[in-house]
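This briefing concerns the fold, the charged pairs and the surface of one protein model. Please consult the sequence and the structure shown here alongside the points that follow.

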Amino acid sequence: PLLWKRKMAPRGQRLSSTPLEILLFLNGWYSATYFLLELFVFLYKGLLLPYPVANLILDVMMLFLYLGIEVIRIFFGSKGNLCQRMVPLGISLALTFPAAMMASYYLLLQTYVLRLEAVMNAILLLFYGSEMLLQVLTLVTFYSVNRY
């Protein structure tokens, strides 16, 4: 017996957000480019600037942690949006906060911040803000249809 039946959207009605999907797709490509550029920037800073080795190792390890969080965040965001599921989209929304905190760290708190990094992180934070807004709106849409 079915104890709880999930209501679906009426036939032919799509609840997933196309702008959110486009942003997640573009953010996936941007994040890959960001990761590679940051690796080269850390190589540059490690060779040419008096960068403390402990700080450099910490920053590079955080960059790999960022990559892991970002891959999981984009995967769950895309799956939640396309499959019209609230839980994966909620996980993606929750993972946006640590990703944005890391971008803020690289923008403001690392030992040396190059102008290139400031621009890259500002663009990344713009992506996060736009995605968070669209994810909340999409979650509200999913909730309102599943509620009735």
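A residue is called buried under 20% relative accessible area, exposed over 50%, and partly exposed in between, using a 1.4 Å probe and protein chains only. By that criterion, K45 is buried, with a relative accessible area of 0%. The model is a predicted one, in which local features need pLDDT of at least 70 and side-chain atom pairs pLDDT 80 or more, while totals for chains, interfaces and linings use all residues. Residues are numbered from 1 along each chain as its sequence is written, and side-chain values use heavy atoms, without hydrogens and water.

**Fold and chain totals**

- The protein chain contains four helices and zero strands, these being DSSP runs numbered from the N terminus (helices: H or I, at least four residues; strands: E, at least two).
- Along the sequence the pattern reads α-α-α-α.
- Of the 148 residues in the protein chain, 36% are buried.
- Where contacts (heavy atoms within 4.5 Å) join residues at least 6 apart in sequence, 81% of them are between residues at least 24 apart.
- The accessible surface of the protein chain, computed by the Shrake-Rupley method with a 1.4 Å probe, is about 9,000 Å², and carbon and sulfur atoms account for 76% of this area.

**Salt bridges**

- The whole structure holds three salt bridges, each defined as a side-chain nitrogen of Lys or Arg within 4 Å of a carboxyl oxygen of Asp or Glu.
- K45 pairs with E117 at 3.0 Å between the closest N and O atoms.
- R73 and E70 form a salt bridge with an N to O distance of 2.9 Å. Both lie in helix α2 (residues 53–82), three residues apart, or about one turn of the helix.
- E131 and R73 form a salt bridge, with their closest N and O atoms 2.7 Å apart. This pair links helix α4, which holds E131, to helix α2, which holds R73, across 58 residues.
- Shared partners join E70, R73 and E131 into one network of salt bridges. Its members are buried: R73 at 0% relative accessibility, E70 at 1% and E131 at 0%.

**Nonpolar surface**

- L36, F40, L43, Y44, L47 and L48 make a nonpolar surface patch of about 690 Å². Patch residues have over 30% relative accessible area and no salt bridge; like charges are joined within 9 Å, and nonpolar side chains (Val, Leu, Ile, Met, Phe, Trp, Tyr) within 5 Å.
- L48 lies in helix α1 (residues 18–48) and is exposed, with a relative accessible area of 57%.
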